[in-house]
Amino acid sequence: MESATQPRERPVPTPLAILLAGLLLVACAPVQEEPADDPNAVEPSIGDESALNALIADYMVAMNSGDPDGVAASYAADAVRMPPDALPISGRESIRRNVAQAFETSDLNVQMQVIETEFSGELAYVRGTFLLTVTPKDGSPATESEGNWMRLMRREPDGRWLVAYSLWNFQS
């Protein structure tokens, strides 16, 4: 005896139905949101980078001419200078006195190269290499040293960039 119900065939989807289903899936896909920009991030201007480079150049001129006031002028009032194998020197006036002591016994010539500058809001770090020639005033032979340096710079309320932290090391 044959069954009264016949199995039904499934309809074959038409290309139009497939296209509509695909468009529906794409339209309903979750939206990928891009991360919000950091509201505190500040794009550095060419002027900012130029100001940092000028500060480094002024520092070299002051060091090479034995001018402790000029060296100190590149530092913020609350700056910290961290020489290798020595205690940190805190404050612009303490930094000025420390540099003045070095100038009493030696003539210095420092050549600094900037390798990298990076900005983050009101702060920037600058790092590079240096060649330092120390010529003792007592007639002893001059010495040359190479090394690396890094400075954390801070934009002051008046817009000037000054050194907040300074450190360096010598290559062996």
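Two strands pair if DSSP finds at least two bridges between them. Helices (H or I, at least four residues) and strands (E, at least two) are DSSP runs, numbered from the N terminus. On those terms, Tyr75 has Val163 in E6 as its bridge partner. This is a predicted model: local features need pLDDT of at least 70, side-chain atom pairs count only at pLDDT 80 or more, and totals for chains, interfaces and linings use all residues. Residues are numbered from 1 along each chain as its sequence is written, and side-chain values use heavy atoms, with hydrogens and water left out.

**Overall make-up**

- The protein has four helices and six strands.
- Along the sequence the pattern reads α-α-α-β-β-α-β-β-β-β.
- Of the 172 residues, 28% are buried. Buried means under 20% relative accessible area, exposed means over 50%, and partly exposed lies in between (1.4 Å probe, protein chains only).
- Among contacts with a separation of 6 or more, 52% join residues 24 or more positions apart. A contact means heavy atoms within 4.5 Å.

**Confidence**

- Mean pLDDT for the protein is 84, and 73% of its residues reach 70 or more. pLDDT is the predictor's confidence in each residue, from 0 to 100.
- Residues 16-36 have pLDDT below 50, and this stretch has one contact in the model beyond near neighbours in sequence.
- Residues 38-42 also stay under 50 in pLDDT. The model gives them three contacts beyond four places in sequence.

**The sheet**

- Six strands form an open sheet with mixed pairing, in the order E2-E1-E6-E5-E4-E3.
- Strand E2 (89-90) and strand E3 (106-120) are the edges; each has a single partner strand, so one side of each lacks a neighbour in the sheet.
- E1 and E6 run parallel and are joined by four bridges.
- E5 (residues 143-155) and E6 run antiparallel, with nine bridges between them. Asn148 has Asn169 in E6 as its bridge partner.
- E3 and E4 (residues 123-136) are antiparallel over 14 bridges. Thr117 stands opposite Val126 in E4.
- Helix H4 (residues 92-105) lies across E1 (75-82), E2, E3, E4 and E6 (161-170). Its angle to E1 is about 55 degrees. Axes are lines fitted to C-alpha atoms, for helices over the stretch in contact, and angles run from 0 to 180 degrees between N-to-C directions.

**Aromatic pairs**

- Rings of Phe, Tyr and Trp (its six-membered ring) pair if their centres lie within 6.5 Å; planes under 30 degrees apart count as stacked, over 60 as edge-to-face and the rest as tilted.
- Phe119 and Trp161 are edge-to-face, at 5.7 Å centre to centre with 75 degrees between the planes. Phe119 is in strand E3 and Trp161 in strand E6, so the pair ties together parts 42 residues apart in sequence.
- Phe119 is buried at 13% relative accessible area. Trp161 is buried at 5%.
- Phe130 and Phe170 are edge-to-face too, at 5.7 Å centre to centre and 80 degrees between the planes. This pair links distant parts of the chain, with Phe130 in strand E4 and Phe170 in strand E6, 40 residues apart.
- Phe130 is buried at 8% relative accessible area, whereas Phe170 is partly exposed at 38%.

**Charge over rings**

- The charged end of Arg151 sits over the ring of Tyr59, 4.0 Å from its centre. A charge sits over a ring if NZ of Lys or CZ of Arg is within 6 Å of the ring centre and within 35 degrees of the ring normal.
- The charged end of Arg151 also sits over the ring of Trp149, 5.7 Å from its centre.

**Around Tyr125**

- Tyr125 lies in strand E4 and is partly exposed, at 28% relative accessibility.
- Leaving out residues up to four places away in sequence, Tyr125 touches Glu116, Thr117, Glu118, Met150, Arg151 and Leu152.
- The C-alpha atoms of Tyr125 and Met153 are separated by 5.8 Å, though the two residues are 28 apart along the chain.

**Positive phi**

- Most residues other than glycine have a negative phi.
- Asp85 has a positive phi near 55 degrees. Asp85 sits in the loop between E1 and E2 and counts as exposed at 87% relative accessibility.
- Gly159 takes a positive phi near 95 degrees in the hairpin of E5 and E6, which has five residues between the strands.
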